[in-house]
Amino acid sequence: MTQFMLKRIVTVAVVLLAVNAMIYGLARYLDEWVFPHNTKEGALMIATFFDADMPAQPPQIMTMARDYVGYLGGVLRGDLGNRNNTPIIITITDKLPKSLVLLGLSLLVASLLGILGGALSVSTKTHQTTALAAMLTTGGYSIPAFYFTIALIALLMMFGPQMGRSRTLLPLNGYGLDEHLILPTLALALRPAAEIARLTSEMLAEEMGKRYVLTARAKGLPWRLVILRHIFPNLAPAIVAMIGNSMRYQISSLVIIEWVFLWPGLGKTVIDTVSMTRGFVINSWHPLTMVAVISTLTLVALLASLLAQVVTWVVDPRLREQHAPAAG
Amino acid sequence: MQNNTKSGFLLNAGMVIGLLLVALTIITALIGPNIAPHDPMEQNLVIKPGVTRFMAPPFPPGTPGYWLGSDMFGRDTLSRLLWAVRPTLLMALFIATTRLILGIILGAVEGWFATKQVGDSARSLREFSASIPLLIFAIVLLFVFQFQQGSIWAFVIALSVTGWTGTALIVAERVRLVRREPYIEAARALGAGEWHILVRHVIPQINTLLPVLLSLEMGSVLLILAELGFLGFYAGGRQQATLVTGSAATMDLPIMIPGFPELGQMLANSWTQFFQNPFLTIITGTVFFLTIFAFMMLGESLKRRVMKGDWPSARFGLARIFASQKLKPDDRVADI
């Protein structure tokens, strides 16, 4: 067991380090050889998208490597650099919980909705998934993150200001641990819910043909109890594993949803730093912030994936037996 | 093997819908610009629908002549959409093909050398790439490249560097299964070299996967393009313009006029005007969603058939594909 955990933790650390180094290199490259420095003329030049004479120095790897080692030393001490005299670590510790709240809650909601939806879409008589369910889940999976939110926002606006009321039924943006949470969580939960529903319905349909289900039904158990007590523990590891694998897309969706709803989490910070929508960029560019934020997000994805693996390990006794054969 | 989907035919409901929608998308890409009612770049700053009525853009949907409305420069949405599907689809095809090639090569390496060092390294590389959040990495890379005359290449690189892992997983799984088949062992016993085995026996097994992989990749790529476009990263052109305000006190405002229509670009610009003209965003989003849904639906239903082993092998050709009988287990091809 400990060997399992150790190997996983080492993998997480190595991946994190690699990603951090990569982003640091990219950020420094941008900062020093692509953008002129933060002078007024430089900012103006970039704002008008001139590809002016960039200094044609080759990237100096050794200097960058030495700086990176210094940066790493700072990270170990807890110092991630400063931005406008604010330590970046404060930005991270301020915004990380907000992102985590949204992520965690949305995964919870997605699991509930997905499992319920998946269970409902399998017919107990024919042991098959309906074609309609397949379409709905594929549809849910292929909705871009923002489209659903825009549909929700437009819907709310129809029942709000355009009907003469002064505000909409649910708050459209901003941070708050109350009704502000509803819309972003729903929007973020859509895709994992669709994935979970699809997995649940497929696995349910498969399990329903097996003998132990037949036995349970022959004993007189109603379907509800059969599913809950007998089939569900077989599904749980697969569902948790799938949640862990989907963290990558979940974080991507998180970034967009945070931006649309102006939720002040880490995702919105990423977009703020590299935003290009208005055509002007530079006031918010800060390389160290970008490195820190992206590394933190990657760390969150990795840790969530690791957590999913641990939970799978705990929930599925068969995995435990494989690695520690019973004595005697 | 139990059949858990509803129909026994080779084409089920999902596949029909997917095929129809994909066909619709491709037809739009091919002949869209020819049937567009207006010039997509023509700006109409004032129109006169009635004798005494003047309208200023943005026109809402339903205005005669501008059936889906327009953007804030008066350019007809329907025409722009019809024009825009083609470049987006081409770009998505390009990116999907790159991802597919990368994924197949790396997946085959991982599956074929599954017990050796090379396979292990390929697997580690895949897991490493799969744990980097895709959108964030793409944003960073695009940000880097956009400032250096980025165009389609920026998107191709940004989306392919970590995007091949989905395909690689499926291909690796399949190759690993094929590796254990008895006919491979028999071929080796008969003296066939590794290369011959790969070409004659392994690659045809991957051929049957190709439509599935391509559809799913197109769907995923279009999804990411939609999200990137929404955030402001698109491959279309921009023109620099200046909005001149009449008063001497305020500065002239440099603005970007969206250029040649492309779906991601239309999304990006519609979002900035969302509260004045929500219809543009909704309509563009719907079009994007339908294209994504088309490819995903096709890919998913194809995948369901292939994974259950109901799909005829490459040797059987078109005749079997259009036959409406389910293959029996003995019909599976296993030749040397």
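A: Start with contact, which means heavy atoms within 4.5 Å. This is a predicted model, where local features need pLDDT of at least 70, side-chain atom pairs count only at pLDDT 80 or more, and totals for chains, interfaces and linings use all residues. Residues are numbered from 1 along each chain as its sequence is written, chains are lettered from A in the order in which they are written, and side-chain values use heavy atoms, with hydrogens and water left out.

Q: Which residues does Thr284(B) touch, not counting residues up to four places away in sequence?

A: Thr284(B) touches Leu81(B), Leu263(B), Met266(B) and Leu267(B) on that count. Thr284(B) lies in helix α11 (residues 278-307) of chain B; helices are DSSP runs of H or I, at least four residues, and strands are runs of E, at least two, numbered from the N terminus.

Q: Is Thr284(B) buried or exposed?

A: Buried means under 20% relative accessible area, exposed over 50%, and partly exposed in between (1.4 Å probe, protein chains only). Thr284(B) has a relative accessible area of 0%, so it is buried. In chain B, 49% of the 336 residues are buried.

Q: How do I read a helix's length?

A: The expected span is 1.5 Å times one less than the number of residues. Helix α5 (residues 131-142) of chain A has 12 residues and should span 16 Å; its end C-alpha atoms are 17 Å apart, which agrees. Its buried residues include Ala133(A) and Tyr141(A).

Q: What is the secondary structure of chain B?

A: Chain B has 12 helices and two strands.
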